[in-house]
Every structure is written in structure tokens, then in C-alpha cells.
Amino acid sequence: MKTGFIGLGIMGSRMATNLIKADYTVNLYNRTKSKAEKISSKRGIVKDSPAEVAYDSDVIFTMLSTPEAVQEVVLAEEGLMAGMSKGKVWIDCSTVNPSFTKQMADLTAELGFNFLDAPVAGSLVPAEKGELVFLVGGKKTIVKYCAPLFKIMGSRFVHAGDAGMGSSLKLVNNLVMGLSFYAFTEGLLLGESLGISQQQIFDLMDGSPVAAQMINLKRQKMEQSSYEPEFPLQWLQKDLHLATQTAYEQGISLPGTNTVKEIFALAKQAGLAEKDFSVIYDFLGKMKK
Ligand code: NAP
């Protein structure tokens, strides 16, 4: 089986590297070509367009920032669709909204190709270690066919249902993550204002049922005020936006998510888009002073 990988940013570069290490041939494409060249090797072959990747591969992964980026890569003249043919599989790992995913699934079905949505839970380090969790939507037979690839890049995959259900589960996951991390940040700031040390609060939360594991994962960044991106703030804000957009489509209200999304939007506007999202702690801390 020949594979293709389009979108070699923080996540995609590491996922594609794991496929190459597992001896798969991986056709590589990234808009900024230097990122593809950085991981090229005998089995990691750099191509000039998404169409070329699709033409030479049986299963093609995309790992792109937003629904707009996916649409551009897929539908452009030299885009992914231009290189697809019957029997090939496109797996979109980008975090996008379920209604967009369903549109892409319908389009691929009309054209006679196979499609899975398979966004991931886990960030830079799990991507590097091959320990992501894939949240997969699509036909069971195609999921089974692609399972060996998920097992290389991930520790687990969940077949959530038909196309769109992987994206649905992913938005739920990131809504909970974003809001719980934000709640921790406010708790930390209140505690500090009362004279409790950062360390005491982190230690109290460590292993406590009220805390999310994410807090420990971000502890070092917050203690050192050093926010090299693992999960860029702009993409968490995008995920919260997609959750609220989806809630609108579903006719339900998510007041908390809308509020937290706007606070992340303020941080983005203040120039923090490309920092790790845990920088929200410094951003709010500065506003307090
Ligand atoms: P990233 O490092 O910013 O990479 C984004 C990728 O999208 C790059 O390859 C970029 O190309 C490409 N791209 C953006 N706009 C494009 C366009 N118009 N045309 C072609 N390519 C375009 O982001 P990431 O952290 O790897 O995240 C990728 C996806 O995974 C996002 O949907 C994110 O929400 C999701 N995700 C991220 C994490 C995480 O912890 N980082 C975890 C789970 C899921 P260039 O290099 O040319 O800019």
C-alpha cells in the first residue's frame, strides 16, 4: 500500500515520519515546500501538488489547519481530487466541523472514492511517539482496510460511526478540553491573588478528581512562561468556533463555549495566535495587573 500525506505542520510532519519509519512509502506535500523537504528520504518522496500525491498513493491523509484550508487543497485545479481514482481512500485528520465533513464525504461518494474522517486526540508528543487516538467516521470496511496505518501513528482508534462522527467526537473533546483548561486558569489566577503559590495549586490539582490531565501537561510551560507551540492557540480558538457554529446548526445554545471562544479570540488579536494555547494564563494574568 502506498500512502500520501498532505499538510506537514506540527502534527502532520510527525505522523508522516512515523509512517516512513514503519517502511511505508509516503508521498509528501506541503504548501511551504521546505517542511516537506525536511522529512524527505528514500521512502518519503516530495511531490509538487496534492494531485500528484493522490495520483501516486492508495491512501491519502490530510492534516490541515481549517475547513477552508482543506477545501482549497482538495478542490484546487491541482488539488487532491484531481489525482483521485476509484478504490483510493482519502482520510481527513484535520479538525473540522461535522457538517463540512459530511459535505466532503458526499462529494467523494459522488465521485466514487472512499472517505474517512479521522481527527486525532493528542498533541505534538503523542504524534511523535505514535500514541495518538484516532476518532474515525466512515464505512467499517474502509476503517478495517486502513487500521494498520492508524496503529502505526496511534495507540488507539475509535470507530465513532458514519462519516462526520469522528469530527463530531473531536469537537466534543476539544470543547471540554478548552473550557476545563480555561476554568483552571481562572482558578490559578484567583488563588495567586489570594497569596497561594502557583506550585501549591498545581500540587493540589495533581491527581485530583477536579483537575484535567491537561493541566499537568502544560505545567512546565506555565511555570516557565515559555509557550513554544504544541497546540497553537489559534487552532483551539478555531475548534471552539466550530463547536459554536455546529451548535447553531443543531439549534442548541452553548453560552460558556461562546464566552471562552471570545477570550481566546482576544488573546489571538493580541498577537498570541501561534503560541501554545496555555499562554492564555499569561494573557489573563497581565490583564489582571
Ligand atoms: P500547523 O502546524 O499550523 O499546520 C497546519 C498545516 O496546514 C500546515 O501544513 C499548513 O501549510 C497547512 N495549511 C494551512 N492553510 C493552508 C492552505 N490554505 N493551503 C494549503 N495548506 C494549508 O497545525 P497543526 O498543529 O499541525 O494542526 C493541524 C490540524 O490538526 C488542525 O486542524 C488542528 O486543529 C489539529 N490538531 C492539532 C493538534 C496539536 O496539538 N497541534 C492536536 C490535535 C489536532 P504551511 O506549512 O504552508 O503553512
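What we are looking at is a predicted model, in which local features need pLDDT of at least 70 and side-chain atom pairs count only at pLDDT 80 or more, while totals for chains, interfaces and linings use all residues. Residues are numbered from 1 along each chain as its sequence is written, and side-chain values use heavy atoms, with hydrogens and water left out.

Let me begin with the ligand. The shell around the ligand holds 26 residues, and those that come nearest are N30, T32, K35, S123 and E230; here a residue is near a molecule if one of its heavy atoms lies within 4 Å of it. Sorted by kind, the residues of this shell divide into eleven nonpolar, eight polar and seven charged, where Ala, Val, Leu, Ile, Met, Phe, Trp, Tyr, Cys and Pro count as nonpolar, Asp, Glu, Lys and Arg as charged, and the others, Gly among them, as polar. Domain 1 (3-163) and domain 2 (169-287) both give residues to the shell, so the ligand lies between them; the domain bounds come from an automatic or database domain assignment. Three helices, α1 (10-21), α4 (67-75) and α11 (233-250), each supply at least two residues of the shell, and helices in this talk are DSSP runs of H or I with at least four residues, strands being runs of E with at least two, numbered from the N terminus.

Which side chains have an N or O atom at 2.5 Å, 2.9 Å or 3.0 Å from an oxygen atom of the ligand? For T32 the distance is 2.5 Å, for R31 it is 2.9 Å, and for W235 it is 3.0 Å; a polar contact is a pair of N or O atoms within 3.5 Å. The protein covers 90% of the 900 Å² of accessible area that the ligand has on its own, areas being computed by the Shrake-Rupley method with a 1.4 Å probe.

Helix α10 spans residues 213-224, and its buried residues are M214, I215, K218, R219, K221 and M222, where buried means under 20% relative accessible area, exposed over 50%, and partly exposed in between, with a 1.4 Å probe and protein chains only. As a general point, an α-helix has 3.6 residues a turn, so residues three or four places apart point the same way. After α10 comes S225, whose phi is near 50 degrees, a positive value in a residue other than glycine, and S225 is partly exposed, with a relative accessible area of 44%.

D23 also has a positive phi without being a glycine, near 75 degrees. D23 sits in the loop between α1 and β2 (26-29), and with a relative accessible area of 52% it is exposed.

Finally, how many disulfides are there? The count comes to zero, a disulfide being a pair of cysteine sulfur atoms within 2.5 Å. The sulfur of C93 is 10.0 Å from the closest cysteine sulfur, in C146, which is too far for a bond. C93 is buried, with a relative accessible area of 0%, and C146 is buried too, with a value of 0%.

Terms used
A polar contact is a pair of N or O atoms within 3.5 Å; within protein, one must be able to donate a hydrogen and the other to accept it, and residues adjacent in sequence count only if both atoms are side-chain atoms.
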